Amino acid sequence: MKTTVIRLLVLPILLFLPLSVHAESHEKKAAKVELADEAKSAILIERDTGTVLYEKNAHEKLPPASMTKIMTMLLIMEAIDEGKLSYDEKVRASEYAASMGGSQIFLEPGEEMTVDELLRAIAIGSANDASVAMAERIAGSEKAFVEMMNEKAKQLGLKDTHFANATGLPAEDHYSSAHDMAAMARELLKYEDITKYTSKYEDYLRENTDKKFWLVNTNRLVKFYPGVDGLKTGYTGEAKYCLTATAERNGMRVIAVVFGAPTPKSRNAQITKMLDYAFAQYQTLPVYERNETVAHVNVSKGKQKSVAAVTSEPVSVLTKKGQSTKQIEKVIKVKDDVKAPVRKGDELGVLILKQDGKEILRSPIVAKQTVAEASFWDLFKRVFSRFVQAG
């Protein structure tokens, strides 16, 4: 594959430590801190870079309970982003969806709610019936949706995760890890609309009816910890108290995960301790937001002659507070031989950040929109136009 390399001006930004969820934890290089002593497992990462700031038994396979719904919401947000689903579309609840136990909004068989309403029910109220209704809408059945969940886990490189349902209700062969849950949360947070749902402390469904339903967020930190705007709690007798939380301050977003805390108070206290640690010790400097155009790529035999190449995720650099300023170079590599059709989201190249000649970050660049294959008539008109101009 041929590529075009674009080297951009050197930017002054802050020095930081190695990036990637798979990179060595900062705590292994510094004095060991204990932030989640009452949890079975935990992890703390910076969202944009994926850098691990703290971890404890991060790859231990444990029941995730309703944190499972992070993957459910991820597939919903992907479907919306791809135009396969809209917020105002009405979804009819099946008898099976309505039969779900545990946390629920008491859907009646045949009852219709919009995607927006069902997403609120999942994100705020952790509704199992709403989760299954959405699973059936997207995949045809919960079983087929679970296959999509597991396929997405493979795509994300998650080796500690296997799903058996879309809700997190107790089931055999249903497990995840703090590491994998943080990675799922990181992927979900690429869709900025999600925090409009997960950040709400309370809301109502079926308003102006005699069945008005009050939703109260099971994640109390969205009300009591400044900057927290998600994501998902979990509890079963086996899993104990779990939480995947995210918070943003001064442009830095972090994700903290706890599995197996003994009480809700303990769970929230350990998440709070991790968030406090992150914001006290680290800072980020944003380089790009998601979906920023960084190049244009020529498309052979397409209805359009080129397509915008955009960032697939927010791109930032991370530093310990107080570290020195150095120079960083942005290198953009894009494909030269792209042929139509091109689908929105297709990978077209890579953005690389370098410091002192050493690569410190690599992030995919993707197509901003779909470019269909040109028809014979389109190509004829294009060639004829060139002929006329040449004449």
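This is a predicted model: local features need pLDDT of at least 70, side-chain atom pairs count only at pLDDT 80 or more; totals for chains, interfaces and linings use all residues.
**Entry 1: the second largest pocket**

I started with the lining of the second largest pocket, which by class has seven nonpolar, three polar and eight charged residues. Residues are numbered from 1 along each chain as its sequence is written, and side-chain values use heavy atoms, with hydrogens and water left out.

I also looked up what a pocket is: on a 1 Å grid over the protein atoms alone, an open set of points with protein on both sides within 12 Å along at least five of seven lines. A cavity is a set of points where a 1.4 Å probe fits but cannot get out, and lining residues have an atom within 4 Å of a point.

This second largest pocket holds about 300 Å³ of space. Of its 18 lining residues, Arg-47, Glu-192, Glu-248, Glu-289 and Pro-314 lie nearest the centre.

**Entry 2: the largest pocket**

Next I turned to the largest pocket, with about 1,300 Å³ of space. It is lined by 42 residues, and the closest to its centre are Leu-156, Glu-187, Lys-190, Ser-312 and Pro-364. Which strand gives the largest share of this lining? I found that S19 does, with seven residues. By class I noted 14 nonpolar, 11 polar and 17 charged residues in the lining.

**Entry 3: a cavity**

I found one cavity of 30 Å³ or more. Arg-47, Asp-48, Arg-186, Lys-190, Glu-313 and Pro-314 line the largest cavity. By class, that lining has one nonpolar, no polar and five charged residues.

**Entry 4: strands S18 and S19**

I followed S19 to its partner. Helices (H or I, at least four residues) and strands (E, at least two) are DSSP runs, numbered from the N terminus. S18 and S19 pair in the antiparallel sense over eight bridges; to pair, two strands need at least two DSSP bridges between them. They form a hairpin with two residues between them, and Asp-356 in the turn has a positive phi of about 55°. Seven of the nine residues of S18 (residues 347-355) are buried, meaning under 20% relative accessible area, with exposed over 50% and partly exposed in between (1.4 Å probe, protein chains only).

**Entry 5: the cores**

A nonpolar core is a set of buried Ala, Val, Leu, Ile, Met, Phe, Trp, Tyr and Cys residues joined through side-chain atoms within 4.5 Å. The largest one here has 64 residues, and Ile-105 and Leu-118 have the most contacts inside it. Helix H1 (residues 69-81) gives the most to this core, with nine residues. I noted a second, separate core of 27 residues, including Ala-39 and Met-274.

Helix H3 (residues 115-123) is mostly covered, with seven of its nine residues buried; Leu-118 and Arg-120 are among them.

**Entry 6: Lys-232**

Leaving aside neighbours within four places in sequence, Lys-232 is in contact (heavy atoms within 4.5 Å) with residues including Ser-66, Ile-70, Ile-122 and Thr-244.

Terms used. Grid points are joined across faces, edges and corners, and a volume is the space filled by probe spheres set on the points. Ala, Val, Leu, Ile, Met, Phe, Trp, Tyr, Cys and Pro count as nonpolar, Asp, Glu, Lys and Arg as charged, and the others, Gly among them, as polar.
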